[in-house]
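The sequence and the model are shown first.

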Amino acid sequence: MITTSERKDPRTFICIGIFAGVNFLFAVKYLERLTSFYLPAAILIALFYILVWRFRYMLQPYRPVINIVGWMLIAAYIAGSVYLFGKISQESLGVDRWSVISSFWDNYFKGRYAYLATSHMGNYPGPMPFYYILALPFYLTGELGYFSLFGIFPFLLLLRSTKTPVVLQTVYIVWLLSSFFFFWEVLCRSNVFLNGSLVLISIVYLFYSIENKKAILWNGVFIGLILSTRNVFVIAYAIAFLYIFRHTLLSLVQIVYIGIVTVLVFALTFVPFVYGHWEEFRRMNPFIIQSDYLMPAWLSVSCVILSMFSFFLLKKKSDVYFYSGVSLFLTISVYFVYHVLTRGFVEAYFNSSVDISYFILSIPFCMYYLFEKEG
């Protein structure tokens with residue numbers, strides 16, 4: 001059933017469209033290697049997510065057992081993933097996220113400059129330092145797939161904290177766990193969804209604690225740490241603070257204070273890896289890697305500036321989540337189109353000159369916008 005509020009709010013359909021569209025992109029790319037019917041199959045997969053959303057209220061009569069079913073699904077998903085970790089070689093998948101992390105820490109523990117490490121596919125480490133610090137416990141276990149699986153839990157905890165009915169929360173968990181992109185992430189030991197979820201949680205906490213003046217310091221710390229994963233998340237934080245500024249939820253002095261703490265914490269995350277390697281850092285660092293391998297700096301800056309125009313549209317807190325998701329999706333779309341124009345569609349998409357996993361960055365925000373509307 002489609003509610004009256006949904007008919008009046010096209011943003012709901014945009015978020016559902018982004019979710020289904022990202023799954024479509026993954027399905028087309030990877031099913032093309034398995035079947036000549038990849039396009040109809042990808043369309044059916046995208047349609048499945050739309051139908052799950054369309055008929056989500058049909059599970060309401062089963063409320064007494066649905067929460068247990070949700071936890072059973074999560075347990076089964078984790079068990080199945082762990083089984084596949086032991087059966088499928090990481091090297092056979094043609095994705096080197098795990099190898100980038102491993103080579104980074106291998107270099108570091110050998111006393112070498114970590115950002116000169118190269119993965120088994122010859123790629124340099126692109127993310128910021130705190131990304132690797134988060135991954136360290138999983139690197140030490142010898143299986144970085146657990147890092148990918150861990151992405152379920154921060155988002156699940158955030159979901160459980162909403163006022164959304166448990167039945168619908170379980171529907172959304174099914175939505176996520178059945179997703180083509182999430183299965184790809186876990187199998188390939190990627191963690192883009194986890195990164196996006198942590199940014200989302202920090203923004204939710206920022207709004208939750210906004211009247212607690214003692215939390216201002218902690219907000220700066222959290223934002224500084226999480227910005228030290230991927231710099232594209234500056235878009236989401238900028239939109240959040242534009243909303244705060246527009247509605248005077250914090251004074252300008254308080255916003256500046258958070259900004260100063262954020263910058264200091266962000267800079268401190270580099271110290272363990274730059275100390276003793278300043279010349280190497282000047283020659284190779286994540287800022288250089290991302291500007292060289294993603295898209296030109298001027299295009300990245302343009303995307304950030306364009307996202308600032310959401311200032312005029314930020315009327316409610318939920319708008320922050322919506323415009324963050326849309327802005328991240330459009331930024332990665334620009335990156336996608338740039339490489340299609342410069343390298344050709346087949347090379348960019350099917351031959352992986354473009355990393356379509358970056359589209360996942362927008363998913364936690366779009367999903368949370370839908371959760372907020374249900375609550």
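Over the ring of which residue does the charged end of R246 sit?

## Charges over rings

The model is a predicted one. In it, the ring of F311 has the charged end of R246 over it, at 5.8 Å from the ring centre. A further case is R11, whose charged end sits over the ring of F322, 5.8 Å from the centre of that ring.

## Aromatic pairs

A pair of aromatic rings is described by the distance of the centres and the angle of the planes. The count for this model comes to 51 aromatic pairs. One of them joins F48 and Y49: the ring centres are 5.3 Å apart and the planes stand at 70°, so the pair is edge-to-face, the cut-off for that class being over 60 degrees. F48 has 38% relative accessibility and counts as partly exposed, whereas Y49, at 2%, counts as buried.

The rings of F207 and Y321 also form a pair, with centres 6.3 Å apart and planes at 75°, so this pair too is edge-to-face. It links distant parts of the chain, 114 residues apart: F207 belongs to helix 11 (residues 192–208) and Y321 to helix 19 (residues 317–343). F207 and Y321 are both buried.

## Helix 19

Helix 19 has 27 residues, which at 1.5 Å a residue should span 39 Å; the C-alpha atoms at its ends are 40 Å apart, in agreement with that value. After helix 19 comes G344, which has a positive phi, near 95°.

Methods. Residues numbered from 1 in each chain as written. Predicted model: local features only at pLDDT ≥ 70, side-chain atom pairs only at ≥ 80, totals over all residues. Heavy atoms only, no water. Phe/Tyr/Trp six-rings, centres within 6.5 Å; stacked < 30°, edge-to-face > 60°. Buried < 20%, exposed > 50% of the residue type's maximum accessible area, 1.4 Å probe, protein only. Helix = DSSP H or I, 4+ residues; strand = E, 2+ residues; numbered from the N terminus. Lys NZ or Arg CZ within 6 Å of the ring centre and 35° of its normal. Expected span 1.5 Å × (residues − 1).
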